[in-house]
Amino acid sequence: MQTNFLSQQFNAGSLAENSTACPANATICDGTSCVLPEDNFNQTLSVVLSTVLTIMLALVMFSMGCNVEIKNFLGHIKRPWGIFVGFLCQFGIMPLTAFLLSLAFNVLPIQAVVVMIMGCCPGGTASNIIAYWVDGDMDLSISMTTCSTLLAMGMMPLCLFIYTKMWTDADAIVLPYNSIGLSLVALVIPVSFGIFVNHRWPSKAKIILKIGSIVGAVLIVLIAVVGGILYKGSWIIPPKLWIIGTIFPAAGYTLGFFLARVAGLSWNRCRTVSLETGMQNTQLCSTIVQLSFTPEQLELMFTFPLIYSIFQLLFALLILGGYRLYRRHRVKTKTDVEKTAQKEDSKSGAKINGGFVSDEMK
C-alpha cells in the first residue's frame with residue numbers, strides 16, 4: 001500500500017515537472033519547445049502597443065515629410081529612373097536572392113516559403129529614417145517606399161507565384177491587401193502633411209524634422225524590442241534560418257548599392273536605394289505568415305521575420321556608423337585643405353596687390 005502511494009506521488013511529481021516544462025494549454029509541444037496561445041493580457045498589451053507605435057510612426061513619417069521638396073518629389077515621379085532602379089532591386093534582386101538562398105541552404109519547403117515572402121515584401125518605413133541619417137535623397141526614399149508598397153499589391157502575388165511553385169501552392173498564401181492598403185495610407189497621409197508644412201513653413205519644418213528623426217531612431221529600436229517581447233513562448237530555430245536571416249539583409253544592402261551605382265545614380269541616391277532594398281516590411285511578412293499557415297507550420301517559420309528585422313537593423317546601424325565616421329574624417333580633411341588653400345591665396349594676393357594679410361589668415 002505504501003509502495004503504491006509513493007509510486008503515485010512520484011508519477012504526480014513527474015507530471016508536475018512536465019507541465020512546468022510544457023504547459024497543458026500549449027498549442028504545440030515538442031519537449032521543452034512550446035508555443036502558447038495568446039492570453040487576454042497579451043492581446044490587450046499587443047493592441048495598446050500597436051496603437052501607440054502606429055501613432056508614433058505616423059508622427060515620424062510626418063516629420064520625414066517635412067524634409068521633402070514638392071518640386072524634387074514630383075521630379076522623381078516625372079523622371080522615375082531612380083524609382084525604376086529601386087523597383088528592380090525590390091522586386092527583382094530580393095525575390096531572386098531569397099530563392100537562391102533557400103536552394104543553397106536546402107531548407108524545408110515551408111521555411112523556403114517564408115524566406116520568399118520576406119523577399120517579396122515592399123520596403124519598410126524604417127528605411128526613410130535611416131536614409132535621413134546617412135544624408136540620403138529623402139524625396140527618392142519616400143517615393144520609393146510609396147511606390148513599392150503600392151506596386152506590392154500586384155508584384156507580391158506575381159513573384160510568389162513564380163518562385164514558390166516548387167515548394168507549395170501559391171494559392172495557399174493569403175495576401176492581406178487590407179494591411180498593405182493601411183500601410184500605404186499610413187505612409188502617404190502623414191508624409192503629405194509634412195510636405196505641405198515644409199512648403200508653407202520651412203523654418204518650422206526643420207525643427208519638426210530634427211525632433212522626428214531622433215524619435216524615429218528610438219522607434220526603430222522600440223519596435224524590435226516590443227516584437228521580441230510579444231513573441232511569447234520558445235522555438236527551436238534551425239541554424240540555417242539564422243544564417244539566411246544574417247546573409248539576406250546584407251546581400252540586399254550590397255546588391256542594391258552596386259546596382260544603383262552601375263545605373264549611374266549619385267552617391268547619396270546609391271545609399272538611399274541600398275537602404276530601400278535591404279530594409280523590408282517585416283510586419284507585413286509576419287501578418288501574411290500568421291494568416292496563411294497552421295500552428296504546426298508556424299513552429300518552423302514564425303520567428304524568421306523577427307530574425308530578419310534584427311539583422312536588417314544591425315547592418316543598417318553599421319552602415320550609419322561607418323558613414324558618420326567617413327563623413328567626419330572627410331569633412332575635417334576637406335576643411336583643412338580649404339583653409340590651407342585660402343591662406344596661400346590670400347598671402348600671394350597680398351604680395352602681388354600690395355595688400356595686407358589679416359590675423360585670421362596667419
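Helices (H or I, at least four residues) and strands (E, at least two) are DSSP runs, numbered from the N terminus. The model is predicted: local features need pLDDT of at least 70, side-chain atom pairs count only at pLDDT 80 or more, and totals for chains, interfaces and linings use all residues. Residues are numbered from 1 along each chain as its sequence is written, and side-chain values use heavy atoms, leaving out hydrogens and water.

**View 1. Leu 241 in helix H10.** Leu 241 is buried, at 1% relative accessibility. Buried means under 20% relative accessible area, exposed means over 50%, and partly exposed is in between (1.4 Å probe, protein chains only). Ala 112 is 129 residues from Leu 241 in sequence, yet their C-alpha atoms are 9.4 Å apart.

**View 2. Two annotated spans.** An unreviewed UniProt entry places the feature "transmembrane region" at several spans, including 140–163 and 241–260. UniProt positions follow the numbering used here, feature names are shortened, and annotations may be inferred rather than shown by experiment. Residues 140–163 are 100% helix and 0% strand, with end C-alpha atoms 29 Å apart. Residues 241–260 are also 100% helix and 0% strand, and there the end C-alpha atoms are 28 Å apart.

**View 3. Trp 242 against Phe 311.** The structure holds nine aromatic pairs. Rings of Phe, Tyr and Trp (its six-membered ring) pair if their centres lie within 6.5 Å; planes under 30 degrees apart count as stacked, over 60 as edge-to-face and the rest as tilted. The Trp 242 and Phe 311 ring centres are 6.4 Å apart and the planes meet at 85°, so this pair is edge-to-face. Trp 242 belongs to helix H10 (residues 239–262) and Phe 311 to helix H14 (residues 304–353), so the pair ties together parts 69 residues apart in sequence. Trp 242 is partly exposed, at 39% relative accessible area. Phe 311 is buried, at 16%.

**View 4. The ring cluster of Phe 257, Phe 258 and Trp 267.** Ring pairs link these residues. Phe 257 and Phe 258 pair edge-to-face, with 6.1 Å centre to centre and 85° between the planes. Phe 257 is partly exposed, at 23% relative accessible area. Phe 258 is exposed, at 52%. Arg 261 lies over the face of Trp 267, at 3.7 Å from the ring centre. A charge sits over a ring if NZ of Lys or CZ of Arg is within 6 Å of the ring centre and within 35 degrees of the ring normal.

**View 5. The second largest pocket.** Its space is about 230 Å³. On a 1 Å grid over the protein atoms alone, a pocket is an open set of points with protein on both sides within 12 Å along at least five of seven lines; a cavity is a set where a 1.4 Å probe fits but cannot get out; lining residues have an atom within 4 Å of a point. Grid points are joined across faces, edges and corners, and a volume is the space filled by probe spheres set on the points. Phe 257 and Trp 267 are among the pocket's lining residues, as are Arg 271 and Tyr 323. Helix H11 (267–278) is one of the elements giving two or more residues. H11 gives the largest share, four residues.

**View 6. The largest cavity.** One cavity of 30 Å³ or more is found in the whole structure. The largest cavity holds about 60 Å³. Its lining includes Phe 87, Phe 91, Met 144 and Cys 147. Helices H4 (81–105) and H7 (138–163) each give two or more lining residues. H4 gives the most, five.
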